[in-house]
Structures are given as C-alpha cells and as structure tokens.
Amino acid sequence: EYIANLFIISNFNETASDSIKSKDNVLGLFNIYNNSLVIGSVESRSILSIMVAIWQEQFRSQSNDLQAFGRAIYLFEDNSDIKIANDKTLGEIFIEKTGLTIEQYLNVGLILFAFALTHPSITIADLASEAPNFNKVVNNDLMEKYLAIHAGTIDELKALDQAQNKDLNPKNTKNRFNPLWVKPMVKTSNTTYIVPSITTYIQALFTGLYWQFDELFMNEKLGPDIPKTTFRDAFGKQMFESYVGKVLKDIYGDEAIKPEITYSKPEKAFTDWVVVDDDDAYLVEVKAYQFPFKTLQTGDLELIAKEITKKLVQNTVTKINKKVLDIQTAPELAFLKGKNIIPVVVTYNVPLIDTSMYRKNIPTVVDEESRKAFEAFQGYFMNIGDLEYFGCISELAKLKDVLKAVQDKDSNFLSEVMKMYKENKLTNKSISEQKYEEKMDYIQEMIKPVE
C-alpha cells in the first residue's frame, strides 16, 4: 500500500521526471530499502506504542477479506432501512450522497473486486450482456456513479495526499494517510483504470463505508442542526450492537441470549447482551470503537493511554465492574446468581486487543484510579472478527477457555482458534464469510448468460 502511494505522489508517470523530489518520500523509500524502519514514539520504549504503529503499517491489511465483505453487508445493506437523521434512513442518505443504493454500491464493488484480483488494469467500455438480469446488478449508469466515488486521476490523488498529509511529521511518513484508501482505482484514461493495491480497494469499499457516512455527519454536510456524532451513535447502538447479537445467536441459539436488561430504581441498564452457557454467564458489552487515525499513525504513547483510559477503562471496564456487583441485589438479575460470571468486551476494530499484550501493559500506561479498575476487571477483550471466527469452533471449545489460553500463553485469539480449526480439519465458515458467499452466488446468478 505504502509503495503504491509513493509511486503515485512522486511523479512516477511523468517521463520527464527522473527523481523523487519530496525529502519526506525519500526518507520513506530509504527506510524501506535499507530496513531502517522509523517507528513512531519508539523512544517511549513501550511495547504498546511500537506494536500499535506496526499494526497500522502491516497487520491492519492482513485481515480476512471475506469477513470484511460479509460484515459490511450485514452492517450497511441489511440496515439500510433504519432511520438516522431528519427522518431519513441510512439508505436514503447514501442515495442522496452517491446516487446509488447501498446494495447497488456493494454489487458493483464486488464485481470489480473479483475482476481486479487477476486483472488490475481494467478497461470499462459500454456494458452489455445477454444475461437477462445483468443490468439489475451492473450497468453503465451504476458503474459511472461507482467510479465517481472510488476512482481518481493521478492529480486528484496527489491533491488528496497533500491535503491530508500537509502537517505530517516526516518520521511518520510510512504511516501517512494513503489516498488509495479513498480512491483505490487510478484513472489513466477515459476508459482505463488501475487497481494498484487490492488491500486498499478492500478498505475503501467495505471498511470505508463507515467513514463515508461519518464524514457526512462530522463535516455537517447534512446540516448544522444535526449533531456530529449522530451516525457514530446509531452505528454503535443500532447497527453494531445488533450485529454482535446476531453473531452470538448464531453461536449459542436464541434461547441462550438476552438483550440489555433494565433493572433497579432509578432505572439502570445492564450489559448489552447476556449469554447463558450451562454454568457460565457471559456479560457482553459492545463497543463500536476504533482508535483515531493519528493515534494509529504515530503510535504516540500519550494518545494511546488517553484512548485506553477513557474508552476502555472509564467508559467500559469501570461500568462493568459496578454492574457485576448489582447481580447480588437486583431481582431482575437473580438468574445470574451462582453462575460463573465472565465479562467480555467486543470492540469493532482496536489494534491487538485480542492479545495478552493489553492485559500486561494497560496498567503501565493509565492513571492510578484506572489501574485499580482494570486490575479488578475479571473479563476479556476481543474484536468482532474474533467472535465471528469463534463460531467456527464453538462446538469444540468454550469461549472462556480460548480467552484464558490467550492470556496464559502470551498468544492471540485468532492463533488459538485457527490452531483448533486446522487440527480438527474443519471446513465450516464464519457467519460473515457465509454472508459474502451468499452475495457472490446471487451476483453470479444475475450475470449468468442464458444457456
């Protein structure tokens, strides 16, 4: 991704230019080819700081593509009818912004993705087919609107890079904002496009859907009277929390799952989901949370500590600790008495949160009050992708045992799950992977010519 970015912004296509003029880009290339890697805030000597920067640089793009696709379909296409602001639905807002429904956007994007995997140089002419339903999933109008979102000329990509990276510290150039995350298709002529990095295409199309909506609200493009956090709030409470519940029900069945329980006077809200599994009770708190880009880009320990303290400890762990105590006194929670209580925090995408590193290092970067709250926390953290993967082995293992193994072995959740998956020669798919396959089967059926 980074090398593709540097080629684009460094006049690689201008035959009269034989040099890379920006000293920041020279520094970046020097780091790559001489293995002299600059890692943000390395002087802090904190493993958290170093690993967060490396995650942004490398691990972020190594996730399961099929999971990202299927999850995007669940979160956005399946939620297109929920109302967000001014009595408008998510789907209506997207149509106003792009001219496409969310379903049309994902259909066209998946078709181009499948082609770009083996043909990164794409020529798009008039679209025609003998397949009777071909135009329902892709046609000239839909393609033009899609390309308006995700294709850009070299000059447009340079301008985007300059706007986003104008204040970038040169030492963080390897984690610079990449314009390919927004415009992953480079327009080289009226009909020709190049996809220089398939991972940036995936990020733009699927994980980038979140940021398309977020940008509308944070920049008040729907009007100054709508709170900037409107989409973030709806995504967390209506979309992501609901999806976590869907994954839990897929694993444990409807009868084992209870949504947020209200109890006490004045009224309190318990954790977002409760899962009763024999003698165990998982108290699942859902946080549609991601580190801000500057934190990921720099690995700045002070920024990391601030995010962990506020979002993971004060807003999550401290509250869960109090809710666990309420089990002994609230009649509405009496069914949990005698159970082995296991709090689990499921986040949207926090770097390395499913590793033992957090358990060992969080106490070293937070204040004294937060440290005590964290040490009293008898629970675990995981990302949504981890929970999806666990569904593949849930008939062979208890969630608590996998989570404990991660802590005891200095491991990570995915490694523990994949070890069991391979050892038992499993072939089943996660709920998100199944959703992707359903979508691709639908598209293939629609574009299939008449036999």
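Tutor: H11 passes H16 in a left-handed crossing, meaning that the near helix is turned anticlockwise from the far one by less than a right angle, clockwise being right-handed. This is a predicted model: local features need pLDDT of at least 70, side-chain atom pairs count only at pLDDT 80 or more, and totals for chains, interfaces and linings use all residues. Residues are numbered from 1 along each chain as its sequence is written, and side-chain values use heavy atoms, with hydrogens and water left out.

Student: At what angle do helix H11 and helix H16 pack?
Tutor: Helices (H or I, at least four residues) and strands (E, at least two) are DSSP runs, numbered from the N terminus. Axes are lines fitted to C-alpha atoms, for helices over the stretch in contact, and angles run from 0 to 180 degrees between N-to-C directions. H11 spans residues 230–252 and H16 residues 384–393, with axes 9 Å apart. The packing angle is about 20°.

Student: Are H11 and H16 roughly parallel or roughly antiparallel?
Tutor: Angles under 35 degrees count as roughly parallel, over 145 as roughly antiparallel, 65 to 115 as roughly perpendicular and the rest as oblique. H11 and H16 are therefore roughly parallel.

Student: Which residues of H16 make the contact with H11?
Tutor: Contact means heavy atoms within 4.5 Å. H11 contributes Phe240, Tyr243, Val244, Val247, Leu248, Ile251 and Tyr252. H16 answers with Ile384, Leu387, Glu388, Phe390 and Gly391.

Student: How many nonpolar residues does the contact of H11 with H16 have?
Tutor: Ala, Val, Leu, Ile, Met, Phe, Trp, Tyr, Cys and Pro count as nonpolar, Asp, Glu, Lys and Arg as charged, and the others, Gly among them, as polar. The contact has 1 charged and 1 polar residue. The nonpolar count is 10.

Student: How many residues of H16 are buried?
Tutor: Buried means under 20% relative accessible area, exposed over 50%, partly exposed in between (1.4 Å probe, protein chains only). The buried residues include Asp386 and Glu388. H16 is largely enclosed by the rest of the structure, because its buried count is 9 of 10.

Student: Is lysine 439 buried or exposed?
Tutor: Lysine 439 sits in helix H19 (residues 431–447). Its contacts include Glu77 and Glu103. At 7% relative accessibility, lysine 439 counts as buried.

Student: What separates the C-alpha atoms of aspartate 280 and leucine 336?
Tutor: Aspartate 280 is in strand S11 (residues 280–290). At 4% relative accessibility, aspartate 280 counts as buried. Aspartate 280 and leucine 336 are 56 residues apart along the chain. Their C-alpha separation is 9.0 Å.

Notes: Lists of a residue's contacts leave out its neighbours within four places in sequence.
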